[in-house]
Every structure is written in structure tokens, then in C-alpha cells.
Amino acid sequence: RRPPRSTPKPSSAASDVYKRQEKYSLCAQPSEMELQCGYFCVVMVKKKETVRKTRIEKDGNIARDDEKCETSTELGGFAQGSWKAHKSTFASSIMGRNLQYAYDLGFPRLCVATSHLESWIMENPQLMAEKRKQQLKQSLEHLGGRFEDVIFIGDMNWNDSKDGLCPIEQPWEDAWMKLRPESDGYSYDAKRNTMLRGNLYARFDRAFAKLKNFELQSIQGKWI
């Protein structure tokens, strides 16, 4: 007999995701390949929290009106079943990369999407660059053709100096360039982060938006 197949130990990133599932719902579970690699993107939707009414009766006892639970609008979040999810793997990917999103969020309906586009492989960087371009184009066409309001954020692995300018066209907008054009917005900076080797700096991570009923107001970023 062959020994039982061992289950890969979840990475710290995966463990953190599962811990957050008490307050958030996963758009889609990470694949076995993603868990083994230890890095991946996910969409997490905050769960609707409920507040149970409590009252003190004449005898001093505290009563909870379980059947009259009301949701506090201040807590935010979305009720289970009020939104939908999608996940599909890019046919061109050799790394199991995918596009996933949650949609029908609130009203007007909003879609929030993410992806981790093909990474760099130094043996054939041109091939990986072409795959990234295909995956980005496919994602923008897929999302833009289905939703009026959509935010697409993720690790695009996009380096303008190597890949060329990101092919974003109206009605899509690069949120960082629109709101903070004076800042380089590097999300990877080996010069500032002494834990990284080399001198590479780039805005690998991007945030794109196609909005009809919403507007971009602010954006924040952190480099690693």
C-alpha cells in the first residue's frame, strides 16, 4: 500500500485567512497549489453582524429578545446569501493563477475583484510578461462587460520598466494615478526596505476601478 497522502501544512498567510473567517466570508477557498506556494490573493466579505436587544425586566432579570434581532447599520457587512462569488483559473497560467470576485454587494450593486497575475521567471521573462498581459486584458474585459461598478485590486506583478505601461483604457481608471499622481506608489521597494535584497522598486500592486454610481475619493498604500 502507498502511504496516505500528506496534507500540506498551511502557510502563515493561509492560517491568517482562516482565522479571519469568523468575521469574514471567503469568496473562494485557496487551491492546493496556492496553499503549497504560500502566497495568493483572496476576496473576503465582511459578515453582517447582529445585535440582540436586551432589556431589564421588573424583577431585575436580563431578557434577550432573540426573535427580534436587529442589524446595526453602523457595523456594516453583508448578510450571507445577499451576494455572489466567482472564481476561474486563467487558461494561460502555468502557476494556477485566477480571477475571483464577489458581486451584488450592497446597492447600487458593487463588484470587488482580485488576482495574482503570473510571476516573474528569470529563465523566460518575456513569456511571463506576455501571460500577464493576456491575464490582465482578459480580467478587464470580463469584469467590464458584466458590471457597472467594479474595483479590481491585486498583485499584478506589473513592472512598467519591463512590461511597458499598463494597458488601462476608459472607462477603467488607475486609482493611484488618479488620486495620488504626485507619488510613485511603489509597493515593492528594496531601497527603503532593508530586509529585501537588490535595488528593485516597482508598483507591482495595482488598483483599478470602473465606476458609474460611485466615485474614487481616497487611497492608501504600503510598500514592502
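Modeller: Q100 stands opposite T114 in β7. The model is a predicted one, in which local features need pLDDT of at least 70, side-chain atom pairs count only at pLDDT 80 or more, and totals for chains, interfaces and linings use all residues. Residues are numbered from 1 along each chain as its sequence is written, and side-chain values use heavy atoms, with hydrogens and water left out.

Strand β7 covers residues 110–115. Strands (E, at least two residues) and helices (H or I, at least four) are DSSP runs, numbered from the N terminus. Of the 6 residues in β7, 5 are buried, that is, under 20% relative accessible area with a 1.4 Å probe, counting protein chains only.

On one side, β7 pairs with strand β6 (residues 98–105) in the antiparallel sense, over 5 bridges; two strands pair if DSSP finds at least two bridges between them. L105 has L110 in β7 as its bridge partner. The two strands form a hairpin with 4 residues between them, and G106 in that turn has a positive phi of about 70 degrees.

The pairing of β7 with strand β8 (residues 150–155) is parallel, over 3 bridges. Here V112 has I151 in β8 as its bridge partner.

These strands belong to an open sheet of 6 strands, in the order β5-β6-β7-β8-β12-β9, with mixed pairing. Its edge strands are β5 and β9 (173–174), each of which pairs on one side only.

Among the buried residues of α3 are M128, R132, L136 and L143. Seen down the axis of α3, the buried residues fall within an arc of 165 degrees, so they line one face of the helix; the arc is that of the directions from the helix axis to the C-beta atoms. The elements against which these residues pack include β7 itself, together with β6 and β8, where contact means heavy atoms within 4.5 Å.

For context, the whole protein chain has 5 helices and 12 strands, and buried residues make up 35% of its 224 residues.

Conventions:
Buried < 20%, exposed > 50% of the residue type's maximum accessible area, 1.4 Å probe, protein only.
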